[in-house]
Structures are given as C-alpha cells and as structure tokens.
Amino acid sequence: MDNSVNETSQELPLIEEDLISQGQSGDRSLLPDSPYPDELYILPLNRRPFFPGMAAPIVIEPGDYYQVLKTVAKSDHKCVGLFLTHDEEANIYKISLNDLYQVGVVARILRIIPLEQGGAQVVLNMEKRVSIVRPLKGKYLAAEVEYHEDVPLSRLSKELKAYSISIITTIKELLKLNPLFKEELQIFLGHSDFTEPGRLADFAVALTTAGRSELQEVLETFDIEKRIDKALLLLKKELDISRLQSSINQRIEATISKTQRDFFLREQLKAIKKELGMEKDDKTLELERFEERLKDRKVPDEVMKVIREEMDKLSVLEVQSAEYGVCRNYVDWLTIVPWGIQSKETHDLKKAEKVLNEDHYGLKDIKERILEFIGVGKLTGGVKGSIICLVGPPGVGKTSIGKSIARSLGRKFYRFSVGGMRDEAEIKGHRRTYIGSMPGKMIQALKYTQTMNPVIMLDEVDKMGASYQGDPASALLEVLDPEQNKDFLDHYLDVRCDLSNILFIVTANILDTIPEPLKDRMEIMRLSGYIQAEKVAIAQKYLVPRNRKAMGLKSAQVTFTKDGLAQIINGYAREAGVRGLENNIKKILRKVAVAVAQGKEEKRVISEKNLKTYLGKPIFTSDRYYEHNPIGVATGLAWTSLGGATLYVEAVQYPAEKTEMKLTGQAGEVMKESAQIAWTYVQSNLAHFMPDKKFFEKEQVHIHIPEGATPKDGPSAGITMTTALFSLLLGRPIDDNLGMTGEITLTGKVLPIGGLKEKLIAARRSKLTKLIFPQENLRDYEELPDYLKKGIQVHFVDRYEDVFTLAFPQSKGVQHAPVARKKTRRA
C-alpha cells in the first residue's frame with residue numbers, strides 16, 4: 001500500500017464509538033443511518049480489498065487524501081468509496097479511476113484519531129458493495145456510484161445451507177490449527193447471523209491469505225451461490241496451507257526438542273562420569289596428551305622450562321577464553337617438535353651406490369661426490385653441517401637426487417619450494433601476536449618428519465624474491481650456516497632449536513641470482529645435462545617403463561626403438577634435461593592407449609619411420625644455419641640456463657663515409673664490450689696478421705648474432721667475433737666443423753670460460769668435430785667422461801694467434817707474434 005493510505009493487515013470488528021459529527025457514544029442504534037449518497041469520494045487501496053460487514057483502521061498521511069477525509073467527515077453520510085488498484089505498486093497520487101477495479105465497498109467513518117506526525121488513523125465500517133458508474137470531475141478522485149444489496153432470502157436452500165455448514169466447519173478446523181483466527185471468529189459471531197450466507201462468505205474470504213486478484217473476484221461476485229462457492233474454495237486452500245505449516249512446525253519442534261533433550265542428557269552423563277572419575281574434561285585431556293608427548297622426547301632444559309610455564313598457565317585458563325586457544329596452540333607446537341629424536345643413519349656405501357644407480361643414469365661425478373660425503377659421515381659418526389647445492393637446467397634430476405640421498409642414508413625427506421617466496425616469516429615463523437601465526441617451514445619440516453636429522457630440500461633457491469615484509473634469502477643465512485643453525489630461533493616458538501643435524505640440499509637453475517653470502521655457505525655441485533646417448537638410456541630404463549605402466553599399457557602392446565628415441569630427442573626435445581622427452585613419450589603412449597581402448601590390439605613399435613604419425617613434424621631440424629659457412633660467419637658455443645647451445649656470429653661490410661662497427665641481436669652490455677674489444681684488437685694487430693691489408697677503409701661493418709628475440713650476454717664470444725672479422729678481411733670462410741669459445745683481451749690473451757661441459761654437449765649435438773677452448777679450461781676438460789670427448793678434436797689456446805692459425809691454416813703473409821705453445825687433445 002502506498003504510504004498515504006495504509007490499511008492494516010487484519011480487519012477489525014465494528015467499533016461503536018462517538019461519531020465525529022455527533023461527538024456522542026451509545027449502542028448499535030446510535031450508528032448513523034442516513035441514506036447512501038449517489039456520489040462518493042474514492043480512496044484507492046494497494047494491498048487487498050475490503051468486504052462488507054467488516055471494520056478496519058486505515059492510516060491517512062498528510063496530503064490530498066487527508067483533505068478528502070476531512071471533507072467526508074463534515075458530511076452527513078460520512079461515506080467514502082474504497083477501491084483496489086489494478087497494479088499493487090501503483091502510485092496512488094498519479095492514478096485515475098481507470099486504474100482501479102470498478103467494484104469496491106462503501107465505508108462509513110466511525111472514528112478519526114489524529115497522529116502526532118500529521119495525518120490521522122481512521123476507523124471505517126465496510127457496509128455495502130458499490131460499483132463505479134461514471135467518474136466526476138474535480139480535484140480529488142470521485143465518482144457516481146451504484147450500490148449492490150444482497151437479495152434477502154426468506155429461507156435458505158439446502159445447497160446454501162450445506163455451503164454455510166461447510167464454511168463454518170472449515171473455519172473451526174482453521175481455528176484449531178491457527179489460534180489467530182479465534183478473535184476474528186468471535187467478532188463475526190457477535191455481529192453476524194448464520195442465516196446470511198453472503199455475509200458468511202465475505203467473512204470466510206477475509207480470513208484467508210489469498211491473493212488480491214482472487215479476493216477482488218469474490219468481491220465482484222454478486223450472486224450469493226457463486227460467491228459462497230468461491231469462498232469455500234479459498235477457505236479450503238487456506239486450510240491445506242495451515243495444515244502444511246502446522247506439519248512443518250511440528251517437525252522442526254520435534255527436531256529441536258530431541259536435540260535439546262540429547263544435549264541435556266549428554267551434559268548430565270558427562271557430569272556424572274566426571275563425578276565418578278570415569279571421564280575428564282577437554283582441558284585435562286589436552287594437558288595429559290602434552291605430557292604423554294614429553295615422555296618420548298629429550299627436551300632441553302630451557303625449552304622444558306618454557307613448556308612447564310605455559311602448561312601451568314593453560315591449566316588455570318577458561319576453555320572459552322580467547323587466550324586459551326592461543327596458549328594451547330603454542331604448547332601443542334612446543335611439544336610436537338621431536339626434541340632429541342633422530343633417525344638411525346645407515347652408512348653402507350654399497351647400498352648407497354646401489355640406490356643412486358637404481359634411481360639415476362650417468363651423473364658419475366655427482367654420485368662419486370655423494371658417496372664421498374656418506375663415507376666421511378661413516379667415519380665421523382654422522383653427516384653434519386653440510387649444505388649441498390645442486391645447480392643445473394630444468395629436468396636433469398636435481399629433486400630426485402635429493403630423494404635418493406635421503407633414501408641411501410635412511411633419513412626422512414622433506415621438500416618445499418622457496419621460489420617466489422617474499423616473506424621471511426615463511427622461514428623464521430610469525431610472531432605469536434598475530435592472528436593465525438604459526439612457525440616457519442623449518443619447524444614445520446621437523447613436525448612432519450618427527451626427527452631432528454631429516455634431509456630438507458629447498459627447491460628453486462635462485463628464484464627467491466624480496467619485499468617490504470623482509471628478505472627470505474637473508475633469513476636463510478642463519479638456517480644454512482653450520483655455526484649458527486645449532487641455535488636457530490623461530491619467531492613463533494621463541495626457543496632455541498638445533499638444526500645442525502639436518503642435511504640441507506638446495507637446488508637452483510643458475511647461480512647468478514643467489515646472494516654471495518648465501519652461495520658461500522653451500523657446496524656447489526653442477527648437473528650439466530645429458531647427451532643423446534644418456535637420454536636414450538634414461539628413456540629405455542626409466543621413462544618408458546614408468547609411463548607405460550601409468551597408462552595401463554604393457555610391453556607387449558608398445559615398444560620404442562633406439563632410433564625412435566634418438567629422433568624424439570633430436571627433433572622434439574633438445575633441452576638439457578629429460579622433462580620434454582618424457583612429455584613426448586607420454587603423448588605417444590596416450591595415443592596408443594586410445595587405440596588399445598578401441599580394440600586395436602596389434603603391437604606398436606615406435607621407430608623413426610612412424611614417429612611423425614604420433615608427434616607430427618619435428619620441431620627442430622638442425623642447430624646449424626648453414627651447410628657451408630659463408631665468409632664472415634664464425635661458430636661459437638654458448639651456455640644458457642637450459643644447457644649449451646651453438647652461437648653463430650655473422651659479419652658483413654658495406655661502403656660508408658665513416659669506418660665504424662654496428663652490433664645487433666639483443667646483445668647484453670658484456671657482449672657489446674667483447675665486440676668492441678674484438679674490433680680494437682683486429683684494428684691494432686692487423687699488420688701482424690695481414691701486412692698487405694687495410695682496415696675497412698670507408699666501410700661500415702655490421703655484426704649480428706641470430707635469434708634476435710633471445711637476450712644474450714657474456715664475454716665468451718670474444719674470440720668468435722674476432723675470427724668473424726678476420727674472415728671478412730681475408731675474404732675466406734671458416735671451417736664448417738670448427739666451433740670456438742673464449743674471452744679475448746686487448747692484447748690477445750684468451751681467458752677461461754664457464755659451462756665447458758654444456759658447450760661440449762651442444763657441440764656434439766651440432767656435430768662439430770673440431771673445437772677451440774681456452775688453455776686454462778684444460779683441467780675442466782680432463783675431468784669430463786670419455787664418452788663426451790669421443791670423436792671431437794679439442795685445441796686449447798692461450799693467445800689469439802693460436803686461434804688464427806687453427807681457423808685459417810693456409811693464410812700467406814701472416815707474421816706471428818711470440819706465442820705460447822698450444823696443446824691439442826684428440827679423443
């Protein structure tokens with residue numbers, strides 16, 4: 001209902017009060033009996049219509065309808081028409097008579113009660129049905145109306161009598177289910193006669209919660225038989241709804257009553273058991289659990305003192321208090337740390353070697369170092385104070401080596417990644433003042449392994465970040481320092497904890513992003529990657545059987561030939577590790593699994609011939625850009641975080657007013673400096689090498705490093721750039737099978753480089769047969785396994801003159817400066 005005319009939700013009895021015009025009270029005979037006027041002011045209703053024989057209060061707010069009320073109150077008849085709007089949400093200030101139903105009721109004002117905030121509450125008596133004949137012009141809604149009387153019946157027909165009895169019976173049933181109807185029934189019985197079926201129908205409909213359109217339809221039904229039929233139908237619907245409501249209430253009350261009863265019984269049982277000593281409360285159980293834990297642990301005195309203080313505090317706190325939960329969690333963590341518990345270590349070198357060989361193929365130098373490590377532990381009584389850093393490209397087995405070390409030692413293993421970690425609290429714990437605080441990862445690892453000497457692996461240590469919340473790399477300094485971690489202090493526990501018996505294994509792809517102080521605390525072991533023969537063996541021994549089993553296949557259904565695996569490695573998975581190789585093997589096995597599931601049972605042999613049907617065209621064809629190197633192109637060797645790669649340096653010359661050099665290919669600052677050094681060296685030493693040549697007079701030289709989208713940096717391309725420039729000056733190409741790497745100085749000294757093994761692997765992949773390495777890398781080369789060196793002729797040089805002689809062996813007129821004797825190794 002609009003906030004100007006608000007009818008209440010319940011209709012009230014006829015109220016015999018003083019009439020406004022008369023100001024007197026009396027009995028029913030004193031009610032005005034003036035004739036009904038032909039013209040009425042109209043008050044619109046939004047919610048539901050009223051029926052004759054009822055009374056109801058309506059609130060009229062200040063406005064047009066309040067003025068209408070005062071006008072009607074001053075009249076003799078004191079009558080006003082009440083009509084329902086078509087739209088329940090209609091704005092009654094902006095409607096016309098066309099927006100109202102044409103049948104309503106005429107109501108007589110019984111009482112007006114002014115309201116403090118303005119307006120009034122008026123009590124109206126609904127007397128007759130009335131319909132609009134035609135609208136009247138004026139400021140307020142008004143209309144000429146026609147009144148409709150119920151035709152008086154001399155005697156009730158049997159049908160009407162039956163209808164009346166049914167309505168009264170239904171009302172009585174409603175009264176049992178809903179006591180709210182009791183008052184309305186008493187009111188009706190006091191003002192109505194059962195011999196008036198029309199009044200009975202109107203009253204019955206007014207009791208229901210039917211919709212406004214259904215109620216309006218009953219109001220517009222003038223025929224008594226039809227009206228009482230519709231009224232009984234609505235009343236029966238109301239009875240069904242009341243029964244359903246009563247059933248729902250009974251189920252809910254039964255559930256609540258049962259729950260309450262069970263609760264009280266359980267509380268009584270708990271109290272009885274407690275009195276008899278048969279059961280203990282939650283707090284006592286918690287304290288006993290903590291005491292039970294301490295029996296199996298050798299807790300340091302300082303820690304035990306803190307535990308006792310906290311348990312004493314816990315015993316006096318109320319379970320419902322907030323501090324109880326904080327204190328309980330703290331004692332829980334203090335007692336769950338495995339103080340004094342250590343795994344029994346095994347130092348059986350044969351067993352360790354067997355485990356390492358079972359889990360990994362190749363990696364001879366890494367396995368030897370791990371066996372040395374275990375051997376020292378056997379002599380000293382345990383592996384203590386060691387931090388191993390495994391550095392290598394993705395997919396070479398760093399994480400699995402850590403697991404193998406733990407298995408060979410008989411220790412528990414715990415791994416977590418620190419990649420992307422930005423909060424030092426992840427390492428050292430949160431202070432207990434914060435909500436949801438908890439210890440750091442080190443203490444969590446001890447809880448998980450339940451031993452003080454596990455193997456803990458910190459993965460991706462080169463990818464740690466730093467933020468306003470702290471620097472986790474700096475927090476690791478204390479953890480990974482054998483001199484400090486015996487008194488490690490976690491912010492949450494706030495007691496000293498000995499981490500010196502833990503074997504820490506750290507993994508990284510590159511060392512450049514690891515802070516120097518942290519790097520200084522670790523023993524670095526490099527995993528350079530695998531050559532093709534190693535990858536084929538790994539696939540045959542590990543990857544194919546493991547994934548074949550995972551796919552539900554058998555060796556009788558699918559096998560791989562060596563040629564097939566080699567082609568997968570060369571054409572689809574050239575990374576240093578074997579992760580890409582495994583993904584391609586999975587792809588093939590999935591397709592085989594689909595064929596087997598479709599009933600195609602023939603055995604499939606994956607070979608080089610049918611590989612394209614499973615994997616499509618090869619991604620890689622060759623590392624070489626040229627079948628034969630053109631003039632000005634030299635082949636270099638580079639190291640990346642994913643392994644080794646060949647690096648071509650191209651140089652061209654073209655006429656220009658000014659002699660200068662331009663470098664492209666997304667080279668970094670160090671590589672730009674190497675190019676400038678090469679340019680200067682060639683210019684200053686040209687007379688020694690080519691007395692009859694002039695240095696690029698009125699020519700510009702453009703040096704380019706292909707794959708321009710890939711950033712490149714480092715000094716090891718120095719001799720490659722220098723050789724490319726000499727090739728341009730000589731007008732002679734460089735040997736197609738020659739690769740080189742080394743840093744050059746302004747005086748021609750060749751300095752050592754890093755990543756020798758990766759570069760040698762890249763050279764084998766590109767089928768280079770002759771390599772030039774710096775003299776000082778000879779010791780690194782001698783440590784490499786023989787199968788890597790097989791079929792490659794390696795020259796070690798100390799000065800660039802040696803490089804020139806190897807690159808251009810038949811050059812005439814070359815004057816050599818004094819040089820050191822070069823060394824050549826042929827495998």
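**Ground rules.** I am working with a predicted model, where local features need pLDDT of at least 70, side-chain atom pairs count only at pLDDT 80 or more, and totals for chains, interfaces and linings use all residues. Residues are numbered from 1 along each chain as its sequence is written, and side-chain values use heavy atoms, with hydrogens and water left out.

**Helix H10.** I began with H10, residues 349–359; helices here are DSSP runs of H or I with at least four residues, numbered from the N terminus. Its buried residues are Ala352, Val355 and Leu356, where buried means under 20% relative accessible area and exposed over 50%, with a 1.4 Å probe and protein chains only. Seen down the axis of H10, these residues fall within an arc of 95°, so they line one face of the helix; the arc is taken from the directions from the helix axis to the C-beta atoms. On the other side of H10 I found Lys350 and Lys354 exposed. The cover over the buried residues of H10 includes helices H11 (364–380) and H12 (398–409).

**Cores.** Next I looked up nonpolar cores, meaning sets of buried Ala, Val, Leu, Ile, Met, Phe, Trp, Tyr and Cys residues joined through side-chain atoms within 4.5 Å. The largest has 67 residues, and Ile167 is among those with the most contacts inside it, as are Phe50 and Met126. A second, separate core of 54 residues includes Leu294, Val331, Ile443 and Ile502.

**Aromatic pairs.** My search of the whole structure gave 18 aromatic pairs. Rings of Phe, Tyr and Trp (its six-membered ring) pair if their centres lie within 6.5 Å; planes under 30 degrees apart are stacked, over 60 edge-to-face, and the rest tilted. Tyr681 and Tyr800 are edge-to-face, at 5.7 Å centre to centre with 75° between the planes. Tyr681 sits in H21 (residues 669–689) and Tyr800 in H26 (residues 800–807), 119 residues apart. Both Tyr681 and Tyr800 are buried.

Phe689 and Phe804 have ring centres 4.7 Å apart and planes at 45°, so I logged this pair as tilted. Phe689 lies in H21 and Phe804 in H26, so the pair ties together parts 115 residues apart in sequence. Ring pairs join Tyr681, Phe689, Phe726, Tyr800, Phe804 and Phe808 into a cluster.

**Charges over rings.** Last, I checked for NZ of Lys or CZ of Arg within 6 Å of a ring centre and within 35 degrees of the ring normal. Arg432 lies over the face of Tyr330, 3.8 Å from the ring centre. The charged end of Lys789 sits over the ring of Tyr781, 4.9 Å from its centre.

Note on methods: Helix = DSSP H or I, 4+ residues; strand = E, 2+ residues; numbered from the N terminus. Contact = heavy atoms within 4.5 Å.
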